[in-house]
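Okay, everyone, let's get going. I'll walk through a few contacts in this one, so please keep the picture up while I talk.

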Amino acid sequence: MATFEEKVEKQVEILKQHTFLDPTRDRVFKEIFSKDATLIHFLNAILHLPEERKIVSIERKKPASTLTSGIDVEEVRFDVHAKLNNNEFIDLEMQRASHEDFADRVELYADQLSIESKIHFDSQRTATEKEDHPYLMPSTYSVWICNFPVDFCENYREELGLFRFSSLGNPDALPVYNKKKYIVIDLSKVDAKVLNLNTAETEWLELFTKMASAKDAPKTKDPVIADVYSRLAVNALEKNFITEIATGMVTEAEISTRIGTARREGREEGHKEGCEETKFSDAEALLRDNDPVERVSRVLKLPLEKVQELADKIAAERV
């Protein structure tokens, strides 16, 4: 049986046969939007803002936010969290696979984004402004790019809001509260008709739906789009970066396999070992995503020393 390192090396060789990396992979997605100019270009294309409200600058915010409940302390880890030039805030997420509680996750992230935004917004207001309007909220955008069919999306792009039930059936209905906006991009619903619109938005949609299998970069006059293809060309990337992507892919595949096997064995035999194996697989995935050892131990209820051993092993692989 191949070792983990051998599986990674095999995946590296497979990736090298491609022209570009898959932009929906978490690490690749973050690399795309590591440039402020690229993020601004994408947001202006996808948010459909009028010319006078176009984004011209952003201020990056911390990617992780602590969420405290009566039971435990959890962490909401935003993919991209930024303040826009017009005092609006945004959370941009890439979702490769649907979760059982996907709509709840969207709402949780949007809620946490609103709280974070309110705190920052108030920190920049005067005492008089806060006294006069203590509940005034900034506008927030929760944007999700989904690489799977979203059941509540009828089109490739859906903008959600807070509406009255009495407005159902009214085609001219407007949201009751328009400061909290959800935009969901369902990549599975992007078709040739959409791509033929030839807008900045469709160039991004083409990038997310076709780049992974593309043999050549598309002909584009947009320097930002051209730059993304150039940066993600496999033959221009350092091996360390490709290895990092391959490691994540192998880990993801092994976690899926192990969880499925453990659950099946747990159902069939009721063995505690199956559950333990699942927990350690989950722990490895969290640690490879740089979650703290103490948090992984607490959340998964695993011995701290065992989780530390696993973290040390992962750290040794990266050297």
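Let's start with two helices, α7 (residues 200-210) and α8 (residues 223-231): their axes come within 11 Å and cross at roughly 10°. Quick word on where this comes from: it's a predicted model, where local features need pLDDT of at least 70, side-chain atom pairs count only at pLDDT 80 or more, and totals for chains, interfaces and linings use all residues. Residues are numbered from 1 along each chain as its sequence is written, and side-chain values use heavy atoms, with hydrogens and water left out.

Axes here are lines fitted to C-alpha atoms, for helices over the stretch in contact, with angles running from 0 to 180 degrees between N-to-C directions. Helices (H or I, at least four residues) and strands (E, at least two) are DSSP runs, numbered from the N terminus. So α7 and α8 are roughly parallel to each other; angles under 35 degrees get that label, over 145 is roughly antiparallel, 65 to 115 roughly perpendicular, and the rest oblique.

Who makes the contact, meaning heavy atoms within 4.5 Å? From α7 you have Glu-203, Trp-204, Glu-206 and Leu-207, and from α8 Val-224, Ile-225, Val-228 and Tyr-229. Those residues split into six nonpolar, no polar and two charged. For that count, Ala, Val, Leu, Ile, Met, Phe, Trp, Tyr, Cys and Pro are nonpolar, Asp, Glu, Lys and Arg are charged, and the others, Gly among them, are polar.

On to salt bridges, each a side-chain nitrogen of Lys or Arg within 4 Å of a carboxyl oxygen of Asp or Glu. How many does the whole structure have? The search finds 20. In one of them, Glu-244 pairs with Arg-27, closest N and O atoms 2.9 Å apart. Glu-244 sits in helix α9 (residues 239-269) and Arg-27 in helix α2 (residues 26-32), 217 residues apart. Glu-244 is partly exposed at 40% relative accessible area, and Arg-27 is partly exposed too, at 31%. The scale: buried is under 20% relative accessible area, exposed is over 50%, partly exposed is in between (1.4 Å probe, protein chains only).

Next, Glu-31 and Arg-231 meet in a salt bridge at 3.9 Å, N to O. Glu-31 is in helix α2 and Arg-231 in helix α8, so this pair ties together parts 200 residues apart in sequence. Glu-31 is partly exposed, at 23%, while Arg-231 is buried, at 17%. And these join up: Arg-27, Glu-31, Lys-35, Asp-227, Arg-231 and Glu-244 are linked in a network of salt bridges.

Now the aromatics. Rings of Phe, Tyr and Trp (its six-membered ring) pair if their centres lie within 6.5 Å; planes under 30 degrees apart are stacked, over 60 edge-to-face, and the rest tilted. That gives 13 aromatic pairs. Phe-29 and Phe-208 make a tilted one, 6.1 Å centre to centre with 45° between the planes. Phe-29 is in helix α2 and Phe-208 in helix α7, 179 residues apart, and both are buried.

Last stop, a backbone detail. Most residues other than glycine have a negative phi. His-48, though, has a positive phi, near 60°, and lies in the loop between α3 (36-47) and β1 (58-60). Asn-198 also has a positive phi, near 55°, in the loop between α6 (192-195) and α7. Asn-198 is exposed, at 67% relative accessibility.

Definitions and conventions: Contact = heavy atoms within 4.5 Å.
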